[in-house]
Amino acid sequence: MKEVNVNLGDRSYRILIGSGILSEPGIVGRWLPGKQALVVTNSTVAPLYLSRVLAGLTAFDVGSMVLPDGEQFKTLGVMNQIITELLRLKFSRDACIIALGGGVIGDVAGFAAACYQRGIALVQVPTTLLAQVDSSVGGKTAVNHESGKNMIGAFHQPRAVISDTDVLATLPRRELCAGLAEVIKYGLIRDPEFFQWLEQNLDRVLVLEGDALEYAIARSCGIKSQIVSEDETETGVRALLNFGHTFGHAVETALGYRHWLHGEAVAAGMIIGADLSVRMGRI
């Protein structure tokens with residue numbers, strides 16, 4: 001198992017990356033501040049991994065909530081459903097939300113955690129490559145507005161990120177490739193040697209070869225954690241992480257958050273951004 005630290009003083013946390021770690025006893029429960037937890041997931045992930053997470057939380061007062069799957073459900077209305085469930089369960093400020101899913105689940109559940117009683121604990125359990133290398137790390141939580149993506153949100157850091165590489169075996173190839181766009185982004189913005197490594201080892205990552213996959217995820221998280229530690233709330237250098245996203249978000253908004261996956265839009269956005277930079281004489 002690999003570990004990456006996100007250094008934010010008393011809000012620092014660890015990213016755990018490895019094969020089969022989701023089945024380790026207590027792997028999720030050790031990060032809970034109290035006895036109450038709500039696992040938020042979606043209809044695609046729940047049949048695959050919800051029972052495994054719940055099996056490790058038998059000592060806790062745990063509820064679960066299964067949301068529809070899709071970017072179009074990353075809304076204030078869905079976030080309000082999570083808040084309503086927390087209230088129905090009479091959960092206190094010592095409660096924790098466990099976000100089990102991809103980027104949409106991490107964002108909407110994370111935003112609910114940021115808002116409920118002015119903020120409760122959050123543990124991210126990402127189940128897509130894109131979420132493992134990007135959206136689960138760094139504390140950005142949000143929902144979409146019809147006029148723009150991620151327009152309503154808050155910075156709310158998790159207590160831990162638990163990335164089991166085995167869950168990627170059930171990921172459709174299209175989702176895997178979309179996640180690789182974010183991995184490639186990290187090489188482009190800060191690590192030319194990592195970018196070169198990806199050119200030489202991309203096939204190994206695509207077939208989920210253990211060592212290559214863990215290295216790609218850990219290196220991506222390492223680059224992001226370093227940037228987040230330097231600039232948590234995006235007033236400067238953290239803007240580097242948005243490479244490809246400015247144009248990519250425009251594509252997603254224009255398509256009503258349907259048809260294209262987020263990583264596909266980011267991939268196109270990086271190409272458009274690079275082309276614009278050439279036209280402006282920057283590169």
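Which residues does V123 touch, not counting residues up to four places away in sequence? I began my notes on this predicted model with that question, and I found that V123 touches V28, W31, L32, C96, I97, I98, A99, R159, A160 and I162.

**Entry on the cores.** I then looked up the largest nonpolar core, which has 56 residues, and I noted that V123 is listed with V28, I98, L129 and I162 as the residues with the most contacts inside it. When I asked which element gives this core its largest share, I found helix 7, with nine residues. I also recorded a second, separate core of 23 residues, which includes A95, I105, Y116 and I120.

Next I traced the open sheet of seven strands, whose order I wrote down as 1-2-9-6-5-3-4, with mixed pairing. Its edge strands are strand 1 (2-6) and strand 4 (61-67), each of which pairs on one side only. Neighbouring strands of this sheet are turned by 15° against each other on average, direction ignored. Within the sheet I checked strand 5 (residues 96-101) against strand 6 (residues 121-126), and I found that the two run parallel and are joined by six bridges; on this pairing, A99 has Q124 in strand 6 as its bridge partner.

**Entry on helices 3 and 7.** I looked at what lies on these strands, and helix 3 (residues 103-115) lies across strand 3 (36-42), strand 4, strand 5 and strand 6, running at about 170° to strand 5. Helix 7 (residues 210-230) also packs on the sheet, where it touches strand 1 and strand 2 (13-18), and its direction makes about 10° with that of strand 1.

**Entry on helix 1.** Which residues of helix 1 (residues 46-55) are buried? I listed A46, Y49, L50 and V53. Seen down the axis of helix 1, these buried residues fall within an arc of 115°, so they line one face of the helix. I followed the buried residues of helix 1 to their partners and found that they pack against strand 3, strand 4 and strand 5. On the face of helix 1 turned away from its buried side, I noted the exposed residues P47, S51 and A55.

**Entry on the hairpin.** Last, I turned to strand 7 (residues 140-145) and strand 8 (residues 148-155), which run antiparallel and are joined by five bridges. The two strands form a hairpin with two residues between them, and I found H145 standing opposite G148 in strand 8.

Terms used: Residues numbered from 1 in each chain as written. Predicted model: local features only at pLDDT ≥ 70, side-chain atom pairs only at ≥ 80, totals over all residues. Heavy atoms only, no water. Pairing = 2+ DSSP bridges. Helix = DSSP H or I, 4+ residues; strand = E, 2+ residues; numbered from the N terminus. Axes fitted to C-alpha atoms, helices over the stretch in contact; angles between N-to-C directions. Contact = heavy atoms within 4.5 Å. Buried < 20%, exposed > 50% of the residue type's maximum accessible area, 1.4 Å probe, protein only. Arc of directions from axis to C-beta. Core = buried A, V, L, I, M, F, W, Y, C linked by side-chain atoms within 4.5 Å.
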